[in-house]
Amino acid sequence: MMEVELTEMLDALNQYPPFSEMQEPELIEQMVHEIEIQYVRNGESIIVPNTINEFLYFIRSGAVEVLSTKDQLLRRMEEGELFGYLSLLRDGKVSQEIKAIEDCLLYLIPAHWFKKLYVEQDIFSDFFELIRENRLRTALEAQNQNSNQDVSLMTCPVKSLLRRPPISIEDDVSIQEAAQRMADKRVSSLLITHEEELVGIVTDRDLRTRVIAKGLSYGESVKVIMTEDPITLDSGDFASEAVMKMMAQNVHHLPITKNGKAIGVISTGDIVQKESHGSMYLISDIFKQQDVSALQAISRKMTHTFTQLVHADANSVMIGNALSRIGTTFIERLLQLAEKKFGPAPIPFCFIALGSQAREEQTISTDQDNAFILSDNYDEAVHGDYFKTLADWLCQSLDQCGYPLCTGDIMASNTLWRQPLSQWKNYFSDWIQNPKPEALLRSSIFFDLRCVYGEQSLARQLTDHIHLQTQQHRRFLSHMSRNANQRKPPLGFFRQFVLDGSGKQSKTFNLKERGIAPIIDIVRVHALACGSRKLNTMERLQDIEAAGILQEGRARDLAMALELISMVRIRHQTEQIDQGLTPNNHVNPEHLSSLERRNLRDAFHVVSRQQEFIKFRYAGERS
């Protein structure tokens, strides 16, 4: 090749990234000596599926289009762009057709140069990873377009049930004025305000039972019959939370707030109109049952609810929230029955869910992780037998209801995890100040905790203590970040899948352990670093992004990776259920579509790069 051609080639490459950004120009100068030139006419195929590609293509002039195996147009590319890298990352195996849509002049860079630069030059590999992450974003957007965002009450936002703005009246009016207002507006409830702040609610039922039935004068103040400080729900919460609150408190109207201000009221009628079958009736049935055997029968409907949500194209956040809410309802009902069976608790307590249930990320295949936080008035000699009996009965009952006993014994039935608040504070102080391997293992479980029954203030005080300790002992974050690197995504050289290689699962990898758990671990460390009080991983990522801990777009990349990996896992479990098999987390990549395999590779690579980042991000933290 003539020197002038080499110079032209070098000049052309250096106009476009990643070549224009590389710090070692001599490498590019060496590479151009091995580049081949190809002329392609409009309409001709350049790369076709089911062949082996040996080049990275640079478009010197012209334009090409990328077609799927079904001849669908995926994208168009023009001067300065590169293609062929996807197949090179798969040992040359081609899955898409690339065709010229104009006369093209192409530079063909040999595969060994692509691999060399990809491994040795961060700028070069970063360029292609950014393309991967953009593709990951496109895949997720396509998935979300197919998702039914209004699947059921389990998953739709409570604000979607609102039909009109709130009707309110000040608290200095009479009962008759309030009733007249309700009649004029044709509503069954009326919010009572004081200087525009919500102080109470009056319903049709109140007028019947508190006024007419008691012969109360209509001239009395409406404050006499209103329910003071009514239970409210934030507009961003799921409607399932509304149902649970209404059932638990036996109320039929629930004010919905946004930024502390009431924006409407939902009633049981709104709920019935919205949901005539399915998941919410499961929660309703749980609250109606009077013994464990009846709850056990109800629990058999869980699988149907799970598959119903999946087949309705619910996303992983919807499904995780729904199944976690159902799990919480089982706990609530069992503890209600326990108090009838064993008598009321002698001291205040808080029953906490841990792990995926606390994060509201449960799927159909999950065991129980839970604990009791007891009041500091706890006296082992006086109260110990009651709480041991309660914990043993509760954990065994949950096991009967489809939530298996924890193999690691992280349950309230274990005396270690049934302690007063002061001891729980000691636990966390020790784990944070002395981050030994066992302490870090505990941290990955216990740092995600949610009160599901009892005194919320006990869990809140413990959470306050945890965040104070982590801010005072920042060295702990360094240990947590190293721990977050223990579970690696199943990617080998050039992003080929690495299989677990043991027993019946020899051709599989564990999506939970190798994909989902690493993301959760990464996000937990960042959440502790920025002081986030959120528990759900997606919500934590929002706080992390707002705090500026990650480079712009990286929090969203992690969220997309989590969603895509989670949905492959969920669909895998659904297929197993449909085949009459017990669902698990072990996926055989050969059983996935080529699109799923590609998206998984992209998602795993996002995780891998974020593990590298977190290792250095907190390396210098000191107490």
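Which elements each supply at least two residues of the lining of the largest cavity? They are β5 (73–78) and α3 (85–88), where helices (H or I, at least four residues) and strands (E, at least two) are DSSP runs numbered from the N terminus. This is a predicted model, in which local features need pLDDT of at least 70 and side-chain atom pairs count only at pLDDT 80 or more, while totals for chains, interfaces and linings use all residues. Residues are numbered from 1 along each chain as its sequence is written, and side-chain values use heavy atoms, leaving out hydrogens and water.

Select α3 to begin, as this helix gives the most to that lining, with three residues.

Next, select F330 and F351, which have the most contacts inside the largest nonpolar core, a set of 109 residues. Such a core joins buried (under 20% relative accessible area, 1.4 Å probe, protein chains only) Ala, Val, Leu, Ile, Met, Phe, Trp, Tyr and Cys residues through side-chain atoms within 4.5 Å. Helix α13 (residues 316–342) gives the most to this core, with 11 residues.

Finally, select L27, I35, F124 and F128, which are among the 28 residues of another core, lying apart from the largest one.

Definitions and conventions. Buried means under 20% relative accessible area, exposed over 50%, partly exposed in between (1.4 Å probe, protein chains only).
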